[in-house]
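Welcome, and please open your viewer. This tour moves from one selection to the next, with a short note on what to look for at each stop.

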Amino acid sequence: MTDPIAATEADTREVLVFTLGGEEYAVDILKVQEIRGYSNITRIANVPAFIKGVTNLRGAIVPIVDLRVKFALAEADYTAHTVVIVLNIGERIVGMVVDSVSDVTSLSSDQIRPAPEFGAQVDTAYLQGLASLEDRMLILIDADAMMTSREMALVDSIESETA
Amino acid sequence: MDGSDFYDTFFEEATELLEEMERLLVELDTSAPDLEALNAIFRAAHSIKGGAGTFGFDALQNTTHRMENLLDLARRGEVWLDRSAVDRLLEAGDVLKGQVEAYREGGVPDAEAARRVCDVLERIANDKQGTPADGPSDDVSPDAAAEVRCDDSRRLSITITGIKDGEADLLAEELALFGTVADRRSPRTDALALSLTTTAADDDIIAVLCFIVDADQIVIETAGERPPAPMLRVTVRDVDVATQNSLCAELATLGDVGAPRVDGEAWTVDLTSDLAIADVVAVLGFEADVTRVTVESVAPADSVDRANDKQAGDVATGSSDAASDEASTGTPPATAPPARTSGAKDSGGSDSTSIRVPTDKIDHIINLVGELVITQSMLDRAAGDLERERGEALLAGLSQLAHNARDLQEAVMSMRMVPMDFAFNRFPRLIRDLGAKLGKRVNLQTLGGATELDKGLIERIMDPMTHLVRNSLDHGIEDAATRLAAGKPEAGQLTLSARHEGGNIVIEIADDGAGLSRERILAKARSSGLSIADDMPDSEVWQLIFAPGFSTADAVSDVSGRGVGMDVVKRNITRLGGHVDLRSSPGVGTTVRVILPLTLAIMDGMAVRAGGEVFILPLGAILESMRVAPSDVRTVAADGHVIEVRGEYLRLIELHRVFDIPDAQTELDRGIVVVVTSESRRFALFVDELLGQQQVVVKNLETHFRKVAGVSAATILGDGSVALILDATALARTTAMTRPAPLSPSRATTTHETLESPVHD
């Protein structure tokens, strides 16, 4: 879940900024393992369309989700420039496809405001807040909460256990 | 290595020793105990005690000490272990396990349990020690001994030598004033040894004893080693002079060494030492071949006659064979039974030839080797484009690399393999206890205990196996009266067996009980709302008891069926990549067969292609492959499509439909059909083509993702891409009724696609 207290207590934090459908999002840099291209994905049948499949990340079989598909943004095409942000979620690794990665920046706690109930493509339950950076607005994503949520279907839940 | 590593090693060793002890105790024939077994049990207790002392685990040390005392008396034939005594020892073993567990978790062991078990052991030691030949110990009151506390007061071993006639009893009486005297022995006619549990200081005790003897005649030791230093006779055959000298030097570090004697090829020396025989043998093993070494405890010359008298006494009073066995080892060393040294060799020898490695280190190596194999096959693939002449040296090197990588992989995998005995050895105790509880006599037979299986699998197969064994005892094997009435032997027979079959291990749990009741199961299935036909073959009827929720029915168990949790058993086994089947005939018995892959980490597979996607089909599941014509396909109203293969109709499953693969071959005669077997069901799997056989490293999909229907795991192909490993069992089942449960509602419409006609027109 979102942890606004921890977010405000930390003086400054580094975030990776990426874009999705014209909005700028940010994720804690400590969650990011690496950024890589989109290639060699093995499709998995009978899963939601935003789960593109799995790939081999140095011997680990890692799922790739396309946030563009998940949040029904502009047509998702896959080119040599398609970017995958590889995240560490607890013990797990997951890759997410985004439109582009822009930069790494520092945010101080007074730049971060609580997220309103609406406004972003992403459910507010997965947001840690909004940050203003000069004339930009960054939407801070709680990667853990989002990737382990049931709607992401990345983690086994009791209901989804197969016979 | 820091201290905690030593702790871990101790805990692991202690656990193993306790298991070994338990196994030996259960196997012990109480009417004629095997001296070798008694020695081994004693050694186990002794080793644990030693380790516990080193690490300061006092409760563990105290309890094992009591156990050791009793076992020592037993192996010397002074105490006869009857069935109830063995039961108490087994309980003591359980308490010890609890203590080890408590220490392992950094807690404090249950003092009450320890005290209880110490009292019990003490009581047995004293109660059973009442034969006339043991004269001097008669005056030790069992009641007094029972009051002994393990934890508060100190336990001392006191040895007094050079005493005169009549002084022994006097000394014992004096000592009894300080606390509780137990374990009184006279190792020599002029010596008294006993253990004293007291709160008094050593000086106070010596001060009192000095009224009778001199201070230098008294040796007081805190509990630990056994009080009297027994004399051991070491005999080594075929040994040269240089080795004799080094043996002498080694022995001198262990205790007082007498003058060596040479008699023919045997070299004999007496050693006065507290050490256990096994320890002495282990030390000698550094210098000489242990098979040539005989070590035995001997009575000093002037008391040999007494020992012989005692032997006669024991036999006369109908005591155990152990007594006579024991006494016979007191006769000349040349005729000493070789069994004793061979047993000692086991404990001494294994230490020097094995090394304890944490399994996660091995797993790490296995992962690395897996990566190496993948890299090697990527290189292979890249080199495939090379021109033959130019790349000859490189290709030769690559082929060598492939060979080496495969050998390395096999060698590493074998490190994880352990014999099935690891699993089987836990059952004698279970059967003993459960049999006693249920009032049934059951003989256990194990076959193929040397069959090797991945350690991880063995650990995970224990629970399902335990469950199946319990079920056999509880519901399968009838009580004695019913058995006799049915013309069967009174004692039930339970057979556990293991064998390799192809790339699998087959474990069978067979009983000669009442068997399953077909009618009962069918009736129960109907009342649970399962759709079933009366003419269902037996094999399918038996599968019903594995259905979730079905098995808890008492309706089954009150006649002959199985109890709870068969669905859990099946699920656990399926999760390991194995399957269960069951054969049963009324009145004759039931056999449950568990078939498991040898290892979880590596699998022989067949790469198959459908459209642009590659899957791995476990090789063990493939029976044959063939091309079929569309005309070979028959439509069966209830069950979709079947093809006839050698007179048998097999359900046709098209891979591209199950996994919704675009651009796959749909014309039956352009692709290929693979006959797949799973859980004794067969089906025909239609794919575009077979790409070839290869060994794959199994990667868990759930590590970073989740379970995928129809897929057991994933692997990495030579080009670095991921391929899914098909789960034949799940394929057979899911397509029989519905498609794999879709995660996305948008795909739910495809649910019955597999049942549609694969061939149009």
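**Where the chains meet**

Start by colouring chain A and chain B separately: between them they bury about 2700 Å², and 55% of that area is on carbon and sulfur atoms. Keep in mind that this is a predicted model. The size of an interface is often given as the accessible area lost when the parts come together.

Next, select the residues in contact across this boundary.

**A salt bridge between chains**

Bring chain B back. Which residue of chain A forms a salt bridge with B:E613? Select A:R43: the closest N and O atoms of the pair are 2.5 Å apart. The count between chain A and chain B is one salt bridge, while over all chains the count comes to 37. A:R43 lies in the loop between β3 (32–37) and β4 of chain A, and B:E613 lies in strand β18 (residues 613–618) of chain B, so the pair joins two chains.

**Two helices in chain B**

For the last stop, select residues 167–176 of chain B, which form helix α7, and residues 202–209 of chain B, which form helix α8. These helices pack at an angle of about 140°, with their axes 10 Å apart, and the crossing is right-handed.

Show side chains here: B:L171, B:E174 and B:L175 from α7(B) meet B:I205, B:V208 and B:L209 from α8(B). The residues of this contact divide into five nonpolar, no polar and one charged.

Key
Residues numbered from 1 in each chain as written. Chains lettered and ligands numbered in written order. Predicted model: local features only at pLDDT ≥ 70, side-chain atom pairs only at ≥ 80, totals over all residues. Heavy atoms only, no water. Axes fitted to C-alpha atoms, helices over the stretch in contact; angles between N-to-C directions. Helix = DSSP H or I, 4+ residues; strand = E, 2+ residues; numbered from the N terminus. Left-handed = near helix turned anticlockwise from the far one by under 90°. Contact = heavy atoms within 4.5 Å. Nonpolar A, V, L, I, M, F, W, Y, C, P; charged D, E, K, R; others polar. Buried area = accessible area lost by both parts, 1.4 Å probe. Salt bridge = Lys/Arg side-chain N within 4 Å of Asp/Glu carboxyl O.
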